[in-house]
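This report describes a protein complex for a reader who meets it here for the first time. Please consult the sequence and structure shown below while reading.

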Amino acid sequence: MSFPWAQTYKPTNPLMVWVDEKLPLPRFVYNAVGAGYPVPRNLNYAWNFGVLAGFCLMIQIVTGVVLAMHYASNAGMAFDSVEHIMRDVNYGWMLRYAHSNGASAFFAVVYIHIFRGFFYGSYKPPREMIWLLGVVIFLLMMATAFMGYVLPWGQMSFWGAQVITGLFSAFPLVGTAIHTWLLGGFAPGDAALNRFFSLHFLLPFVILGVVILHIWSLHIPGSSNPTGVEVKSESDTVPFHPYYTAKDGFGLGVFLILYCAVVFFAPNQFGHPDNYIVANPMQTPAHIVPEWYFWPFYAILRAFTQDFFIIPAKLMGVLAMFSSILVWFFLPWLDRSPVRSGNYRPLHRKFFWVLVADVAVLGYCGGAPAREPYVMISQIAAIYYFLHFLVILPLVSSLEKPEPLPFSITESVLGTDDYTARDLHAAPGLHASPAA
Amino acid sequence: MIRIISILAGVFFTFALLISFSKGAYSYVSEPPAATAANVYHKEPKELELASNGPFGKFDRQQVQRGFQVYTEVCSNCHMLHQVAFRDLKTLGYNDDEVKAIAAKLKIPHYDAKTGEVKTVSGMPTDHFPPVVYGGQGSPPDLSLITKAREGGPAYVYSLLTGYEKQSGDMLAKFPDAKTPDGLYYNPYFANLNIAMPPPLTSDGQVTYKDGTKPTVDQMARDVAAFLVWTAEPKLENRHQAGFAVLGFLIFATILAYMAYQNVWAGKKH
């Protein structure tokens, strides 16, 4: 967002002046993340997670590219090549554990980032595009992580691939054809493994492209903030550098401590022991479960146990699982409240926390065996999940009485605002009228 | 308009879930799932304290060498150690000559590039432990990764090896179908209670330790579990060392980053 008070890039060093005339990349960086990008002064730590997510993507790409130098994607060699990496490649164990735990870290960070969006209404106008691109990034992440997990060709790799690719055969008429086409065969095998490796290498760069669009579309309106009141004047903002480079640097340090504690001291904590057994199509594991970050969706998939009129249970589960993410696309249009932030929406806030608990319950059930009482619990939790987005949110947004908003960010931080002109037309965007 | 569709979609999923829920709840209440012998009599692994446990874990090389001896004399008759190369044994304290001797004792199938035949030759340090031909019941798993491939890790392996017992009359009375079939052996630490592996460690003194430690069944089981932790995770010590260095640096750097953050924001109310 080019706020009028944004600092301008003025290079003094003759070399930098020369570069600026030929290729204004330093100017671009200055305006994107430097002193040339004003950001609300009141951002809390929930706003750190976007940068952390970008950092996780970098970790995954760097470790992944180096791992790919040593990995063999042939079904007869894949498992052994991963063990070769763990034992013989210099620091191969570090790369492997960094990559497998990096995926967990990436999802943890992205879930917090998404829930920040749910709470603070980050998806509301004028930021709908950022939100839509974000959901696209999440779907790409899920595809990438699923295919990546297949690559070591362990028991869970194979059987997880069997279950999830099997879902495609649920679609009527075209299902089986799609299933065989995707796999390159009738079951996961060498053909599937090779193409998953190719796509797993490709998709992170697609994610990178969408992340660039995501950040670009963010920089049009500028960042939102915990009050949900748009920026009105210079006193509402601080330049991104050094204020948020410093804060993000500290946040990054805390994140890295937690991440490295896991990588170096508990690297198999989030994995499943069965994936250290070579894939055996003749032997089904006792419980087939994906990695923890897929558990809520897995619970929704398995919650549908009965056919629904003409729709078989398997297809219902697949439709519900995809719908549970697709509803997020519609959030900007489902939630009609003129107030952005959950800080000023008491009823919405309460339902937000119920949603958090609900997703946690779904997650727990997704990792549990497909037996009672877990199936019944996941059915209730799935009911709440769909009701939350499809029924509760639209109704609450129309019917709730929000708390009065502060006039500006400056007012919420300093208590009074003597800086901003009381001219409502100065800054467009959602805000309540000042108390008058 | 969007809201009408969304409420209908919400009702659609809710209705489908309620049908599934009520059918499930009804069958749960009318015919509760029966307890199986495995649920009731399966035991969680016993506690096993190894030098490699915990963030400060290191290998007790004496113990791991004893475990290697147990593997060689007892387990290698049926179980492979495919991921481990003979040269890896150097990190356990064996010198070059000892490693060559260990390798030479075993016959490794080698592909002869000139004739195209597979011949069996004496092993070299660069070879991996050889495949094991096993003709009995069941399929003995490769042991290289067994402590990472089982819930409970080394504690599970130790409990399994020392856990063989007779089925209790109590259990047979309640679950007559759970009587151990012929050819299987009862072991409550095994998930399905009846395992195809006969008790491998049957008596004290089965192996004579070179360092003079008393080879009780319990001791041998502990030692082989420690050895199998090493085969699964030979880089454990490197990992811990690197971890302390990395975390030490990160904690220091984060403290500095925090101080920089406070410095930048000093005086700026937020």
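Phe106(A) touches Ala53(A), Cys56(A), Leu57(A), Gln60(A) and Met141(A), leaving aside residues up to four places away in sequence; two residues are in contact if their C-beta atoms, placed from the backbone, lie within 7 Å. This is a predicted model, in which local features need pLDDT of at least 70, side-chain atom pairs count only at pLDDT 80 or more, and totals for chains, interfaces and linings use all residues. Residues are numbered from 1 along each chain as its sequence is written, while chains are lettered from A and ligands numbered from 1 in the order in which they are written.

Together with Ala382(A) and Ala225(B), Phe106(A) has the most contacts inside the largest nonpolar core, which has 139 residues. Such a core is a set of buried Ala, Val, Leu, Ile, Met, Phe, Trp, Tyr and Cys residues joined through C-beta atoms within 7 Å, where buried denotes 20 or more other C-beta atoms within 10 Å of a residue's own. Helix H5 (residues 92-120) of chain A gives the most to this core, with twelve residues; helices are DSSP runs (H or I, at least four residues), numbered from the N terminus.

Between the chains, 47 residues of chain B are in contact with 51 residues of chain A. H1(B) gives the most to the side of chain B that touches chain A, with 17 residues.

| Part of chain B | Mean pLDDT |
|---|---|
| Helix H2 (residues 37-41), lowest | 85 |
| Helix H9 (residues 236-265), highest | 98 |

The predictor gives the complex an ipTM of 0.94 and a pTM of 0.94.

Conventions: pLDDT is the predictor's confidence in each residue, from 0 to 100. Helices (H or I, at least four residues) and strands (E, at least two) are DSSP runs, numbered from the N terminus. A residue is buried if 20 or more other C-beta atoms lie within 10 Å of its own, exposed if 12 or fewer, and partly exposed in between; C-beta atoms are placed from the backbone.
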